[in-house]
Amino acid sequence: MITINGRGALRARLDQLLREVAKFGVVGGIGTLVNLVVFNLVRHTTDLPVVRASIIATAVAICCNYVGFRYFTYRDRDKSGRTKEMTLFLLFSVVGLIIENGVLYAATYGFGFDTPLQSNVFKFLGIGIATLFRFWSYRTWVFRALPAREAVADAESFLEDSALRDSLAEDQPSSAKGRG
């Protein structure tokens, strides 16, 4: 059975997750727009093959997304290990790039869907699938949550209480220690 405090904590965690998903969606939406605009510009102004144009567009969007995630979506998360954070971000972004462009590659070269409309549809589908992976990996591994304030406060109060008990025990005369 969930207590009232348990329901409140569950509700708070759900609200926090919904805010995170909304912020992730804003940054992801901007990144998707950047990705599709760059993709279509490269595709229609150069002779690059469709998947190469898509990889360039995805790389530009990854750079934009890092800024949005670090300074908007996950600005309250641990900032202590930026090199590790950026390395993990790039690693998981490359996996997302492979997922995203793998869908486009399969559609283009596996099924022959190569019109501009078809390319955009499969590019968008690949972005959607890769976004699910990115959301999970970024929040789990890259932008790690700091410990909950309540947990830190409980640990601090426990340490203070423990230190106070030790201090009081040391202040008692030796005959009182033996009786206790």
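**Entry 1: ground rules.** I take helices as DSSP runs of H or I of at least four residues, and strands as runs of E of at least two, numbered from the N terminus. The model is predicted, so I read local features only at pLDDT of at least 70 and side-chain atom pairs only at pLDDT 80 or more, while totals for chains, interfaces and linings use all residues. Residues are numbered from 1 along each chain as its sequence is written, and side-chain values use heavy atoms, without hydrogens and water.

**Entry 2: helix H3.** I looked up H3, which covers residues 82-110. Its expected span is 1.5 Å times one less than its number of residues. Just after H3, I noted Gly112 with a positive phi of about 75°.

**Entry 3: salt bridges.** I count a salt bridge when a side-chain nitrogen of Lys or Arg is within 4 Å of a carboxyl oxygen of Asp or Glu. This rule gives eight salt bridges. For burial I use relative accessible area (1.4 Å probe, protein chains only): buried is under 20%, exposed is over 50%, and partly exposed is in between.

I found Glu20 paired with Arg139, with the closest N and O atoms 2.8 Å apart. The two lie 119 residues apart, Glu20 in helix H1 (residues 4-45) and Arg139 in helix H4 (residues 116-142). Glu20 counts as buried because its relative accessibility is 6%; Arg139, at 32%, counts as partly exposed. Arg77 joins Glu20 and Arg139 in a network of salt bridges.

Next I checked Glu85 and Arg70, whose side chains meet at 2.5 Å, N to O.

Lys123 is buried at 0% relative accessible area, and Glu100 is buried at 1%.

**Entry 4: nonpolar cores.** I define a core as buried Ala, Val, Leu, Ile, Met, Phe, Trp, Tyr and Cys residues joined through side-chain atoms within 4.5 Å. The largest has 14 residues, and those touching the most other members include Phe24, Phe69 and Tyr138. H1, H2, H3 and H4 each give two or more residues to this core, and H3 gives the largest share, four residues.

Which residues does Phe24 touch, leaving out those up to four places away in sequence? With contact meaning heavy atoms within 4.5 Å, I list Phe69, Thr73, Tyr74, Thr131, Arg134, Phe135 and Tyr138. Another core of eight residues lies apart from the largest one, with Val42, Val50, Ala53 and Ala57 among them.
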